[in-house]
Amino acid sequence: MNRYTKRFSISDVPSWMCPICESSTLSIDRQTFFRVETADSKKSTGHSDWEPDWLRFVYSCVFKCANKQCEGVVSSVGTGCLEEGLDEEFGQCFSEYFYPKYFYPNLKIFKLPEDTPSEIAEEINQSFSLFFCNFDSAANHARIALENILTDLKVKRYKIANHKRKTITLHNRIELLPAKYEKIKTLMLAVKWLGNSGSHSGRGLTPEDVIDAYKMLSVVLNAIYDDKHAEASKLAKGINKKKGPK
Ligand SMILES: [Zn+2]
């Protein structure tokens, strides 16, 4: 998943997966690539301290799926700049790098198990769509996905106190999960903390923080909704009980 935190250049695109087939990578359609210098960047050109790394761009382009049969196309916009690096042939040089802000349709940063209920999948997809432009909101949608997972697992949402219906906090709902989910409780609590920071903290989350949340959420989803995982657990349980073949 770490590849989704990386920038791209015209000649080097990280291996981002096509969101249509989810099995081939995207490559840039060079004919569609445009970049234009921003107004602020132009204004700074006359400054006596001006250096090439003061240049700023906006870009737009289309990425295409590497698998010709898929025909997936994804449009993208974002920002760009010049960064100094070392070239084997030319030595010290500046290269143009681009930072995506949006993709349409949105990239799918990890694969969901096929049996993920739609209200959970939609929330995670909402998170993916915000990943490149608003890290705090992306983490917050991952947190809402947790609430939906708990509701799907029939964990109660309300309690009655003093004849009034009160909402049970996400933290307490996670604690209410039955013993068989003990292993994933720790993961869910960590995703919750990151989602909370997304809503309340002053520091703001980094893309790496959101990727951490996705890594844990992906394990949680696989443990609950991946058929193969459930089947294997059931098989192991039966064999362990008999201490030998079924
Ligand atoms: Zn594709």
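Predicted model: local features only at pLDDT ≥ 70, side-chain atom pairs only at ≥ 80, totals over all residues.
Buried area is the accessible area that two parts lose on being put together, summed over both.

**View 1. The protein chain is divided into two parts, domain 1 and domain 2.** Domain 1 covers residues 1-108. Domain 2 covers residues 110-246. Their C-alpha centres lie 33 Å apart.

**View 2. Domain 1 and domain 2 bury about 1300 Å² between them.** Carbon and sulfur atoms account for 64% of that area. Met 1, Thr 5 and Asn 106 supply 41% of what domain 1 buries against domain 2. In terms of contacts, 12 residues of domain 1 meet 14 residues of domain 2. The interface of the two domains holds 0 salt bridges.

**View 3. Four cysteines are the protein donors of the zinc ion.** They are Cys 18, Cys 21, Cys 65 and Cys 70, each through its SG atom. These donors lie 2.2 to 2.4 Å from the zinc ion. The site is tetrahedral, with angles of 107 to 113° among its 4 donor atoms.

**View 4. The donor residues of the zinc ion follow the spacing C-x2-C-x43-C-x4-C in sequence.** Cys 21 sits in the segment before strand 1 (26-37), and Cys 65 sits in strand 2 (residues 56-65), so this pair ties together parts that are 44 residues apart in sequence. Cys 21 is partly exposed, at 25% relative accessibility. Cys 65 is buried, because its relative accessible area is 10% and buried means under 20%.

Notes:
Residues numbered from 1 in each chain as written. Heavy atoms only, no water. Donors = N, O, S within 2.8 Å, 3.2 Å for Na, K, Ca; no water. Tetrahedral: all angles 85-135°; square planar, octahedral: opposite > 155°, others 65-115°. Helix = DSSP H or I, 4+ residues; strand = E, 2+ residues; numbered from the N terminus. Buried < 20%, exposed > 50% of the residue type's maximum accessible area, 1.4 Å probe, protein only. Domains from an automatic or database assignment. Contact = heavy atoms within 4.5 Å. Buried area = accessible area lost by both parts, 1.4 Å probe. Salt bridge = Lys/Arg side-chain N within 4 Å of Asp/Glu carboxyl O.
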